[in-house]
Amino acid sequence: MKKITNVRTLTFIAMMGAVSTVLMMLNFSIPFAPGFLKFDISELPALFAGFFLGPVSGCLVILVKVALKLLFQGTETAFVGEFMNILGSVCFILPASLIYRWNHTKKGAVISLVVSSLLVSAAFIFINAYIAFPLYSNLYGMPMETIVAMGTAVNPYITDVTTLMLFSVFPFNLFKHGVTSIVTYLVYKRMGNVLRSILTPQAGAQAQSI
């Protein structure tokens, strides 16, 4: 029975990873951010797995998502974009699922989603400013001034790297993860029975739901 449970758990993680990959491919730009910042809700299935089975499962979904993306689409950024995607997703999923595991209530779910959205949005101000954007600049031979100019085109208050982070990157990530959090909170409870039916009764009894 334990082996069956493990197989179904891994199957569930793989399914969530596949759904996450599809959602990642369905991305689009939003008006207040430069075109290179793409909005998607691909972290939604990873949040489901993190809430339902714990933080390790949520992080495994992220790895499956990126692995499938590389398998079907390859990389156009010498793996920089994929690494940043993993880093951002883990920064979001890990604290959310850990907080919810510690406070397994509706209030705990709200707290976990709010804290994680703020945390990843703030963290990526520094990660983008000092790691991601410099790497992209070197990779494409594009001066940072050119990247800043792309931000200025959509927001005249963006005049340098600092304002690009504050007026574009931060609100973009806050919006992206805020939307993902809201959809997760609204849909996850209704998905609980479906998720339990995928796993064994024993796993379902131990699984977490809002």
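Here are a few friendly notes on the model above, going from the whole chain down to single residues.

1. A word on confidence to begin with. This is a predicted model, and the mean pLDDT of the protein chain is 87, with 89% of its residues at 70 or more. Among the elements, helix α3 has the highest mean pLDDT, 94, while helix α8 (residues 201-206) has the lowest, 44.

2. Please take some care with the end of the numbering you see there. Over residues 202-209 the pLDDT is below 50, although this stretch still makes 15 contacts in the model beyond near neighbours in sequence. Where pLDDT is low, the predicted coordinates should not be read in detail.

3. Now the overall fold. Of the 210 residues in the chain, 45% count as buried. The accessible surface of the protein chain comes to about 10,500 Å², and carbon and sulfur atoms account for 72% of that surface.

4. The contact pattern may interest you too. Taking contacts in the protein chain between residues at least 6 apart in sequence, 70% join residues at least 24 apart.

5. As general background, nonpolar side chains tend to be buried together in soluble globular proteins.

6. Leaving aside its neighbours within four places in sequence, Phe133 is in contact with Phe36, Asn128, Met144, Ile147, Leu164, Met165 and Val169.

7. Is Ser117 buried or exposed? Its relative accessible area is 5%, and because buried means under 20%, Ser117 counts as buried. The side chain of Ser117 reaches the backbone oxygen of Leu113 at 2.8 Å. A polar contact of 3.1 Å also joins the side chains of Ser117 and Ser181.

8. The surroundings of Ser117 complete the picture. Leaving aside its neighbours within four places in sequence, Ser117 is in contact with Phe92, Leu174, His177, Gly178 and Ser181.

Methods. Residues are numbered from 1 along each chain as its sequence is written. This is a predicted model: local features need pLDDT of at least 70, side-chain atom pairs count only at pLDDT 80 or more; totals for chains, interfaces and linings use all residues. Side-chain values use heavy atoms; hydrogens and water are left out. Contact means heavy atoms within 4.5 Å. Buried means under 20% relative accessible area, exposed over 50%, partly exposed in between (1.4 Å probe, protein chains only). A polar contact is a pair of N or O atoms within 3.5 Å; within protein, one must be able to donate a hydrogen and the other to accept it, and residues adjacent in sequence count only if both atoms are side-chain atoms. Accessible areas come from the Shrake-Rupley method with a 1.4 Å probe; for residues, only the protein chains shown count as cover. pLDDT is the predictor's confidence in each residue, from 0 to 100. Helices (H or I, at least four residues) and strands (E, at least two) are DSSP runs, numbered from the N terminus.
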